[in-house]
Each structure stands twice: as structure tokens, then as C-alpha cells.
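Colleague: Hi! Could you walk me through this one while I have it open?
Modeller: Happy to, let's take a look together.

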Amino acid sequence: THPVPKESLDAQLEVAVAESEECVPSTENRKEQWQYLLREEIYKVAEAGSKFIGEADKAYYDLLYSRLDIILSLTERQVTEESFVLLALQDLLETQSVASCSHIFSWIEDNGTRLTLGMQPTKGKALVLLRTLNDLLRRLSKSGNTAMLCGRILTFLSTIFPMGERSGVN
């Protein structure tokens with residue numbers, strides 16, 4: 001169940017990563033395989049989400065958050081590409097309802113420090129994050145009663161991008 005203690009998750013992932021290194025010696029092939037499997041797992045959970053909505057939202061979000069925690073931990077270990085966690089979030093947010101996006105954004109806020117570690121505002125994962133959240137803001141502007149979520153997203157972006165930064169202003 002979520003939240004899994006970071007130390008416990010890291011220990012389990014250490015074993016899984018070591019086993020994968022034995023099976024697939026090439027680093028690039030291993031990264032691609034991890035990314036494929038993780039993305040497939042996120043899609044399975046998102047697809048199963050329609051069963052959970054209305055029944056037990058907590059069970060769905062616990063399952064989703066645990067998968068996102070795994071992806072984030074593997075990204076931090078450089079098992080996947082640096083921006084993979086943000087690309088997975090981008091894909092996930094596109095498949096979810098506005099209410100679900102609010103829950104997922106709560107996970108983003110909770111893990112903001114880890115997600116933005118080493119991020120340069122004009123390169124790589126910063127641009128992916130900016131694009132993802134701008135797409136979400138565009139979606140929200142077309143639906144009603146989303147002012148709180150829009151404000152949370154804009155506040156989050158303002159903590160990441162300096163006010164004078166052109167990409168942050170956009």
C-alpha cells in the first residue's frame with residue numbers, strides 16, 4: 001500500500017536492477033526495456049482506473065502512486081532516461097479526468113523536490129514539465145470549477161522557474 005517507505009522501495013529496486021543487469025548487459029537496451037515495461041504498467045493502471053472510480057478511489061490512487069514512486073526512484077538511479085518520469089506523467093495526465101488530474105498533481109507537488117532536482121529551466125526535463133503542465137492548464141481552462149487546481153499549478157511553476165526566465169513566463 002502507498003506510501004511505501006523510500007528505503008524499502010530502494011532496496012527492492014536495487015535487487016530488480018541487479019537482476020536486469022545480469023540478463024541484459026547493454027545499458028541502452030536495458031534502459032529501453034525498463035521504460036517500455038514501466039510505461040506499459042502505467043497504462044494498465046490507468047486503464048483499470050475506470051473500474052475504481054466510484055468504488056474505491058483510494059485503492060486506485062494508491063496503486064497509481066506506487067507505480068509513479070517506482071518510476072521516480074528508477075529515474076533517480078539513472079535506470080531510465082532523466083526525463084522519463086515526466087514523460088510518463090505527461091502521458092498519464094492526458095488519459096485522466098480533470099478530477100483525477102487533481103489527485104495526480106498532488107503527487108507531483110509532494111514529489112516536486114525530487115522531480116526537479118538538477119533541473120535547468122531552459123533544457124531537458126524542465127521543458128517537458130512546462131509543456132505537461134501548460135497542456136493541463138489549457139485543458140482546465142475549458143472546464144468549469146478548476147480555479148483552485150489552476151492556481152496550484154501556477155504556484156508550483158512559479159517555484160520552479162524564476163520570474164525573469166522566458167520559458168517560465170510562457
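Modeller: Let's start with Ser73: its relative accessibility is 1%, so Ser73 counts as buried. Bear in mind that this is a predicted model.

Colleague: Okay, and where is the place of Ser73?
Modeller: Ser73 sits in helix H3, which covers residues 57–76.

Colleague: Which residues does Ser73 touch, not counting those up to four places away in sequence?
Modeller: On that count, Ser73 touches Leu9, Asp10, Leu13 and Arg114.

Colleague: Switching topic: at what angle do the axes of H7 and H8 cross?
Modeller: Roughly 160°, and the axes come within 10 Å. H7 spans residues 124–141 and H8 spans residues 147–160. The two helices are therefore roughly antiparallel to each other, since an angle over 145 degrees counts that way.

Colleague: Is that crossing left-handed or right-handed?
Modeller: H7 passes H8 in a left-handed crossing.

Colleague: And which residues in H7 meet H8?
Modeller: From H7 you have Leu129, Leu130, Leu133, Asn134, Leu136, Leu137 and Leu140. They meet Leu149, Cys150, Ile153, Leu154, Phe156, Leu157 and Ile160 in H8. By type, the residues of this contact divide into 13 nonpolar, one polar and no charged.

Colleague: Which element has the lowest mean pLDDT, and which the highest?
Modeller: Helix H9 (residues 166–169) has the lowest, at 61, while helix H4 (residues 84–95) has the highest, at 93. Where pLDDT is low, the predicted coordinates should not be read in detail.

Notes:
Residues are numbered from 1 along each chain as its sequence is written. This is a predicted model: local features need pLDDT of at least 70, side-chain atom pairs count only at pLDDT 80 or more; totals for chains, interfaces and linings use all residues. Side-chain values use heavy atoms; hydrogens and water are left out. Axes are lines fitted to C-alpha atoms, for helices over the stretch in contact, and angles run from 0 to 180 degrees between N-to-C directions. Helices (H or I, at least four residues) and strands (E, at least two) are DSSP runs, numbered from the N terminus. Angles under 35 degrees count as roughly parallel, over 145 as roughly antiparallel, 65 to 115 as roughly perpendicular and the rest as oblique. A crossing is left-handed if the near helix is turned anticlockwise from the far one by less than a right angle, and right-handed if clockwise. Contact means heavy atoms within 4.5 Å. Ala, Val, Leu, Ile, Met, Phe, Trp, Tyr, Cys and Pro count as nonpolar, Asp, Glu, Lys and Arg as charged, and the others, Gly among them, as polar. pLDDT is the predictor's confidence in each residue, from 0 to 100. Buried means under 20% relative accessible area, exposed over 50%, partly exposed in between (1.4 Å probe, protein chains only).
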